[in-house]
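Colleague: Could you walk me through how to read an interface between two chains? I would like the general idea each time, then the case at hand.

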Number of protein chains: 2
Amino acid sequence: MARANPIDKHDERRRALADSALRTLGELGYARSSLREIANNSPFSHGVVHYYFSDKLELIVYGVRQYKAVCVTRYDGVVAGATTAGGLVSAFADKLCETIVDEAPMHRLWYDLRSQSMFEESLREAVQQIDHTLEDMVWRVVTRVAELAGTDVALTSHTVYGMFDGVFQQALLRYVAGQEREALDDLRTEVRALVPLTLGAGAPGAAGAAAVEVRATA
Amino acid sequence: MARANPIDKHDERRRALADSALRTLGELGYARSSLREIANNSPFSHGVVHYYFSDKLELIVYGVRQYKAVCVTRYDGVVAGATTAGGLVSAFADKLCETIVDEAPMHRLWYDLRSQSMFEESLREAVQQIDHTLEDMVWRVVTRVAELAGTDVALTSHTVYGMFDGVFQQALLRYVAGQEREALDDLRTEVRALVPLTLGAGAPGAAGAAAVEVRATA
DNA sequence: CGAAAATCTTGACACCTGCCCAGGAAAATC
DNA sequence: GATTTTCCTGGGCAGGTGTCAAGATTTTCG
């Protein structure tokens, strides 16, 4: 039986280690996660980290990169399956809520790391890259909504990302603080209210924004 | 000569200590700031902290609360002095840029602390309180813009805060990462574009949003 | 099988952390 | 000036940190 390429095996091990680390990091945050604690919540010993990674930081960045790489594709499905602007907006809002419920620890870790990057220069490059892929992700959603609504997006992708990231972060903060219901309900209605605002006054029919909003809140 | 009330003196000392601590915290972040490092960048010794504060956390929270308390009044002047909707929007945008330039370390510390609050329960109450005062602050600005434009705000204060906090944070991230010009320019135009979007279709004249936007971008 | 290479464990290292406290300086009070 | 109270210092403690290296263990392969 064919064995795996040793390089693949090495990479697979890195992935597994980083994956284990993410669980602990999501629970304790960047600052409180020691390598020993990370190793305890995993099938590895604390020393093995330096066999696969040169650094604690490299391990963490590797893990978060890995996580966000799949995270970023989460909305491709809803974009592909959408048939109406309002439907896509609702689906987008629902997915955002879903990911808060399912992966709150990972999201708070991301915001933790992003904040750390303002102090730790060595984190900046990775954070900026990830932030950019996230920006692209919401841009794909919003431009598709515009397309379905027969209009275009009236704001830059950076602006759109900033505002949605902001309301998402607020929802996460509330959710983690125990106000789960409120956080999710508000996030849903906020997204449905905000997406139409990003659209220009469209070509066909009435004002694109208003038209989408009606369907979204229906 | 009259001496100060001993309680006032005690409080004054606390304030001074917390103030010194903020400088270090803004430079190193929450995780890297040790009490010894904080004391080194101050006229105090590391032991005195436990004379005025029970805890490292209490010191930090006290300091950030103190800072944000004055921070929150920074826009009252521009609100009071505004005579037109567009003028207020521009002044608001300018002030936001100004505070990034002048106090980037404090802002990144705030975001750091807010992220930490998602892991550290004992931070949550203070963070939520501060976040609420910030929300009120931008709400005062936006409602005044609406008033001047003869319309009202079409979103909740929580939503409005979320979106502006988001674009502000993005600007801060870029600014700290060295893209100062780009960050400030984008933030200014983003704020001028977004504020009108928060307004309802006003009573007098044309659509309130459009009317404000014209003056803002003039 | 046996040697060589890889993977992993364990324990140690130098250092740093928050916190506490004995003792002394300074100030206030009488 | 003496005494009491307030204020502050600096050292020490117990525990935790990232990193590393030497050895054990496993895997690979001639």
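Modeller: Gladly! Contact means heavy atoms within 4.5 Å. By that rule, 45 residues of chain A touch 45 residues of chain B. This is a predicted model, where local features need pLDDT of at least 70, side-chain atom pairs count only at pLDDT 80 or more, and totals for chains, interfaces and linings use all residues. Residues are numbered from 1 along each chain as its sequence is written, chains are lettered from A in the order in which they are written, and side-chain values use heavy atoms, without hydrogens and water.

Colleague: What rotation superposes chain A on chain B?

Modeller: Copies are fitted by least squares on C-alpha atoms of residues with pLDDT of at least 70 in both. Here the rotation is 180° with 0.0 Å of shift along its axis, at RMSD 0.1 Å. That is the relation of a two-fold axis. The same surface serves both copies, as 100% of the contact residues of chain A recur in chain B.

Colleague: How is the area buried between chain A and chain B read?

Modeller: The size of an interface is often given as the accessible area lost when the parts come together. With a 1.4 Å probe and summing over both parts, about 3700 Å² is buried between chain A and chain B, 59% of it from carbon and sulfur atoms. Met118(A), Phe119(A) and His158(A) supply 21% of what chain A buries against chain B, more than any other three residues.

Colleague: How many salt bridges cross the interface of chain A and chain B?

Modeller: The rule asks for a side-chain nitrogen of Lys or Arg within 4 Å of a carboxyl oxygen of Asp or Glu. It finds two across this interface; one of them joins Arg32(A) and Glu120(B), at 1.8 Å from N to O.

Methods: Buried area = accessible area lost by both parts, 1.4 Å probe.
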